[in-house]
There are 2 protein chains.
Amino acid sequence: MNGVTRREQLRAATDLDIRRHARELLVREGQEAVTLRAIARELGITAPALYRYYDSREDLLNRLSEDICDDLSAELNETMCGIEDDHLSKVFAVCRGFRSWALTHPREFTLAFATPGGNGSGHTGADARKSDSTATPEKPATHSDELSSVFLGVVGPLMAEGPDNPQPPRIPEELRAGLTNSQRELTAACETHGIEMPPEALSLEAVYMMLRWWARLYGQVALEVFEKFPFDVSHADRLFESMLEELGREAGLYR
Amino acid sequence: MNGVTRREQLRAATDLDIRRHARELLVREGQEAVTLRAIARELGITAPALYRYYDSREDLLNRLSEDICDDLSAELNETMCGIEDDHLSKVFAVCRGFRSWALTHPREFTLAFATPGGNGSGHTGADARKSDSTATPEKPATHSDELSSVFLGVVGPLMAEGPDNPQPPRIPEELRAGLTNSQRELTAACETHGIEMPPEALSLEAVYMMLRWWARLYGQVALEVFEKFPFDVSHADRLFESMLEELGREAGLYR
DNA sequence: GTGCGAAGTAAACGCCGTTAACTCGGGAAT
DNA sequence: ATTCCCGAGTTAACGGCGTTTACTTCGCAC
């Protein structure tokens, strides 16, 4: 009657241990130290045993990247829930949370958000992990966008309440076609993730705004993590704050 | 009498060959394929010989990263010179050039602009390569900012001519201190690189603008290279164009 | 001509990912 | 209760890797 056999339990536990130790190695010593042999050593088993769980080292790294996104999502979700103020404050809190997470977890950020292969929240995953062949085909959703869901969950209410933009952003004509596509994708994502988002709130302007928010948030954060400012910037946090303020102003959400 | 001996000639030639083949491997097969043994194989020598030229594989990769920046700089410089229009058009051309270079050279972009160690245009280089101990101590400049020079060279004239910003960007008070620092660094950089930049043109507002330009340019480009848009964006080029336009408008440079 | 120092080599060490052939034990079918 | 399967884990091995050490070789300054 028990849905999960003893074997499955053990397997799941070992799998968790593998990823736990892999993550630890990543954090402590960097991506190239995440070695099948090192992981096995810490687990007290031998390296080839890991092939019962993952097809290859790369496969494991991809999974790690997903885990990282999920953990980050959970953390941001908590951050968000801890804010009692208006919706805009929540959005800001999430952005600040993303930044400070990235700065304190540079190696995890690099793996999940700056790896060319296109894992993380990208959309090129082959989705062929080692698992029971028939089980859990329940999430055919595009990809592991746990994280998008967090952002959507906090931006959604903001969209719903006050999009009385004093200055609608004047979307360039040749962008409208592409944006309606994204709009479709977004509404679908909101549905699958059960996010309260009145369809009329997801205007083209809103979609455009979200894209620009993400591009600038990501850009500023990556710039800081990789220290690629053209000259020394000791006041990066203040720069970030001014970017947030500017974003809020542009969205017509301030005052 | 000859300033360069035959030995030095050969050494320089071999060094160039090393980097040429390393670069080729990077482009063709990715960073982890840039192997001392592979390089040596293609050169027809043995791997330990490479240690006569570089302290380690990492050292070589750092040098590669610098080469990439320099090549990109040269390419952008050419792009810029090919534009005969006003200064703003040149700035746009350089930005577009940077983007299309990144998209066509993703692996080089990743190595030079998204490597956590902080090589490339960062400012943490230990600067201890294998070279004649006493020669060429002539560039104690902060770092290898060949690239910054290109951007400065194209932004400078723009600053010099028309900073009649209809809307000066209202720099947040707590940013001014840090920005004056950057301002100092920038004027110094202009001097060392011989860039025509009237000191009064490099206002705090101008420095602030340049930082924001770079952050957004870098962010958008990295986002595209790593395919980390939250949903499929097929119209990325148009998005990029609209970002440029927006930047121009914000700088008070448009109409 | 002699000899020094730099370029290159050969051999070895200890890592690595991955594969193949095996042991062994839990659990289902009989 | 016995049998048998199959999956977790092992051992051994392959080829490749970065790096070190000791060596040859040879250009060139004296």
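**Close-up views of a predicted two-chain helical model**

**View 1. Helix α1 of chain A and its surroundings.** In this predicted model, the buried residues of α1(A) pack against α2 (36–43), α3 (57–81) and α5 (106–113) of chain A. Those buried residues are D15(A), I18(A), R19(A), H21(A), A22(A), R23(A), L25(A) and L26(A). An α-helix has 3.6 residues a turn, so residues three or four places apart point the same way. Helix α1 of chain A covers residues 6–29, and its end C-alpha atoms are 34 Å apart; this agrees with the span of 34 Å that 24 residues should have at 1.5 Å a residue. Just after α1(A) comes G30(A), whose phi is positive, at about 95°.

**View 2. The chain A fold as context.** Chain A contains 9 helices and 0 strands. Read from the N terminus, its elements follow the order α-α-α-α-α-α-α-α-α. Of the 255 residues in chain A, 49% are buried. When contacts in chain A between residues at least 6 apart in sequence are considered, 72% join residues at least 24 apart.

**View 3. Helix α1 of chain B.** Helix α1 of chain B (residues 6–29) has 24 residues and reaches 34 Å from its first C-alpha to its last, close to the 34 Å expected at 1.5 Å a residue. Its buried residues are D15(B), I18(B), R19(B), H21(B), A22(B), R23(B), L25(B) and L26(B). The cover over the buried residues of α1(B) includes α2 (36–43), α3 (57–81) and α5 (106–113) of chain B.

**View 4. Packing of α1 with α5 in chain B.** Two packed helices are described by the angle between their axes and the distance between the axes. For α1(B) and α5(B), the angle is about 115° and the axes are 7 Å apart. The two helices α1(B) and α5(B) are therefore roughly perpendicular to each other. On the α1(B) side the contact is made by R23(B), L26(B), V27(B), R28(B) and E29(B), and on the α5(B) side by R107(B), E108(B) and L111(B). The residues of this contact comprise 3 nonpolar, no polar and 5 charged. Two of the contributors from α1(B), R23(B) and L26(B), are also listed among the buried residues of that helix.

**View 5. Relation between the two copies.** Chain A is superposed on chain B by a rotation of 180° with 0.0 Å of shift along its axis, at an RMSD of 0.1 Å. The two copies are thus related as by a two-fold rotation axis. Among the residues of chain A, G219(A) comes closest to the rotation axis, with its C-alpha at 1.6 Å. The copies meet through the same surface, because 100% of the interface residues of chain A are also interface residues in chain B.

**View 6. Crossing of the two α8 helices.** Helix α8 (residues 204–225) of chain A packs with helix α8 (residues 204–225) of chain B at an angle of about 100°, and their axes are 7 Å apart. This angle makes α8(A) roughly perpendicular to α8(B). From α8(A), the residues W214(A), A215(A), R216(A), Y218(A), G219(A), Q220(A), A222(A) and L223(A) meet W214(B), A215(B), R216(B), Y218(B), G219(B), Q220(B), A222(B) and L223(B) of α8(B). The residues of the contact of α8(A) with α8(B) divide into 10 nonpolar, 4 polar and 2 charged. G219(A), one of the residues in this contact, is the residue of chain A that comes closest to the rotation axis.

**View 7. S182(B) and residues of both chains.** S182(B) belongs to helix α7 of chain B, residues 176–192. With a relative accessible area of 0%, S182(B) is buried. Not counting residues up to four places away in sequence, S182(B) touches F231(A), D232(A) and H235(A) of chain A, together with V207(B) of chain B.

View 8. E227(A) lies in the loop between α8 and α9 (236–250) of chain A. Its phi is near 50°, a positive value in a residue other than glycine. E227(A) counts as partly exposed because its relative accessibility is 32%. In chain B, E227(B) is found in the loop between α8 and α9 (236–250). Although E227(B) is not a glycine, it has a positive phi of about 50°. A relative accessibility of 32% makes E227(B) partly exposed.

How values were computed
Residues numbered from 1 in each chain as written. Chains lettered and ligands numbered in written order. Predicted model: local features only at pLDDT ≥ 70, side-chain atom pairs only at ≥ 80, totals over all residues. Heavy atoms only, no water. Helix = DSSP H or I, 4+ residues; strand = E, 2+ residues; numbered from the N terminus. Expected span 1.5 Å × (residues − 1). Buried < 20%, exposed > 50% of the residue type's maximum accessible area, 1.4 Å probe, protein only. Contact = heavy atoms within 4.5 Å. Axes fitted to C-alpha atoms, helices over the stretch in contact; angles between N-to-C directions. Parallel < 35°, antiparallel > 145°, perpendicular 65-115°, else oblique. Nonpolar A, V, L, I, M, F, W, Y, C, P; charged D, E, K, R; others polar. Least-squares fit on C-alpha atoms with pLDDT ≥ 70 in both.
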